[in-house]
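Hello,

Here is the structure I promised to hand over. Please have a look at it first, and my notes follow below.

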Amino acid sequence: MVKEKQKFEIRIFSYLPNPRIWKTTITSRLSGVNLDIIGTSPESIKDWLWDFNARKLTKKDIAEFHNNTTQGKMGFAVRLYKTNKFLNTQPFGTVPAAFSPDGEIGIFESNSIMRLAARLGENNNNIYGKNPYESSRIDSFLDASLIFSRASQKYLLSINQGQISSSIKKEAKDAFITYMSGIESALNSNKSSYIVGEQLTLADICFFCEYALFSREQITPKSYEGNKWNSITRSIKKNNFHKSLSHYKQLSGRPEFKIDSSEYLKKIEQKIRN
Ligand SMILES: N[C@@H](CCC(=O)N[C@@H](CS)C(=O)NCC(=O)O)C(=O)O
């Protein structure tokens with residue numbers, strides 16, 4: 001008997017690996033939701049057709065969509081092949097891009113895609129809080145994370161592009177301190193070792209993924225090779241964020257987190273040491 005392929009409940013298109021997607025993969029592991037993830041390396045994603053049925057561009061696609069390309073905005077200096085259907089369902093045209101199984105509904109913003117995984121899993125394990133107050137408090141942390149993630153994204157892209165400016169770095173440092181201070185304060189005032197309530201929630205998952213993504217900034221940028229690179233993470237007094245950092249470390253050891261993150265974080269560690 002042929003085993004039926006499990007039906008997916010969310011399709012995600014993105015470059016891979018991408019810590020923003022881990023928010024959803026970790027949540028789905030805990031809530032029992034089936035994902036279908038398609039994508040390629042960050043370098044190759046420009047050579048893909050951005051669509052519900054995303055794929056490597058064929059000669060036929062290039063001819064068909066040639067006059068219909070879109071200038072990439074965040075992180076892409078080139079024109080990207082995005083189908084009209086993609087842009088109709090993904091109004092900001094960004095990845096990660098998630099879709100309902102029929103491709104008709106687009107869900108964007110990694111925090112919202114993560115919430116979808118919790119909702120589809122019927123909030124299994126109370127991952128999205130055990131009552132409306134806890135759920136809304138979790139939302140508060142997710143909203144606050146966006147301010148940090150925006151500054152972090154600008155900073156990481158500027159590092160990649162060899163165009164680090166002191167104002168971008170300062171903005172990222174301020175946003176990092178603000179976000180981490182909130183997490184530290186929540187961990188200090190909570191009786192449990194989690195950010196909200198008594199157990200692991202979306203707030204912890206989001207914190208882990210945003211911190212993991214930001215940790216790339218510790219790698220000496222190409223434009224600084226041979227010179228001393230003063231990363232934000234290193235310049236911060238670790239004691240100020242003692243609880244947050246040990247929470248991050250503890251989360252990184254959990255099996256549902258390790259699957260996505262261990263290789264990625266190991267590579268960062270190796271690059272920092274070299
Ligand atoms: N805050 C968003 C960030 C999404 C985003 O900015 N994605 C960039 C890549 S890092 C993108 O898709 N850029 C494509 C474009 O600007 O055309 C999230 O968490 O999902």
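Let me begin with Glu-43, which counts as exposed because it has 8 C-beta neighbours inside 10 Å. The cut-offs are these: a residue is buried if 20 or more other C-beta atoms lie within 10 Å of its own, exposed if 12 or fewer, and partly exposed in between, with C-beta atoms placed from the backbone. Glu-43 sits in the loop between S2 and S3. Its C-alpha atom is separated by 23 Å from that of Glu-64, 21 residues apart along the chain.

A word on the source: this is a predicted model, where local features need pLDDT of at least 70 and side-chain atom pairs count only at pLDDT 80 or more, while totals for chains, interfaces and linings use all residues. Residues are numbered from 1 along each chain as its sequence is written. Helices (H or I, at least four residues) and strands (E, at least two) are DSSP runs, numbered from the N terminus.

Now the sheets. Two strands are taken to pair if DSSP finds at least two bridges between them. Strand S7 (residues 97-99) pairs with S8 in the antiparallel sense over 3 bridges, and Phe-99 stands opposite Gly-106 in S8. Contact here requires C-beta atoms, placed from the backbone, within 7 Å.

The other open sheet is formed by 4 strands in the order S4-S3-S6-S5, and the pairing is again mixed. S4 (55-56) and S5 (70-71) are the edge strands, each with pairing on one side only. Strands S3 (residues 48-50) and S6 (residues 79-82) run parallel, paired over 2 bridges; Leu-49 has Tyr-81 in S6 as its bridge partner.

Helix H7 (residues 202-214) is mostly covered, with 12 of its 13 residues buried. Among the helices that cover its buried residues are H5 (132-160), H6 (166-189) and H10 (255-273).

A few backbone details may interest you. Leu-16 and Pro-17 are joined by a cis peptide bond, with omega about -5 degrees, and Pro-17 lies in the loop between S1 and H1. The bond from Val-95 to Pro-96 is also cis, with omega near 0 degrees. Asn-125 has a positive phi of about 65 degrees although it is not a glycine, and Asn-126 has a positive phi near 50 degrees. Asn-126 lies in the loop between H4 and H5 and is partly exposed, with 16 other C-beta atoms within 10 Å.

Finally, the ligand: 14 residues surround it, and the closest are Gly-72, Lys-73, Met-74, Thr-94 and Ser-110.

Best wishes

Methods. Near = placed C-beta within 6 Å. Contact = placed C-beta atoms within 7 Å.
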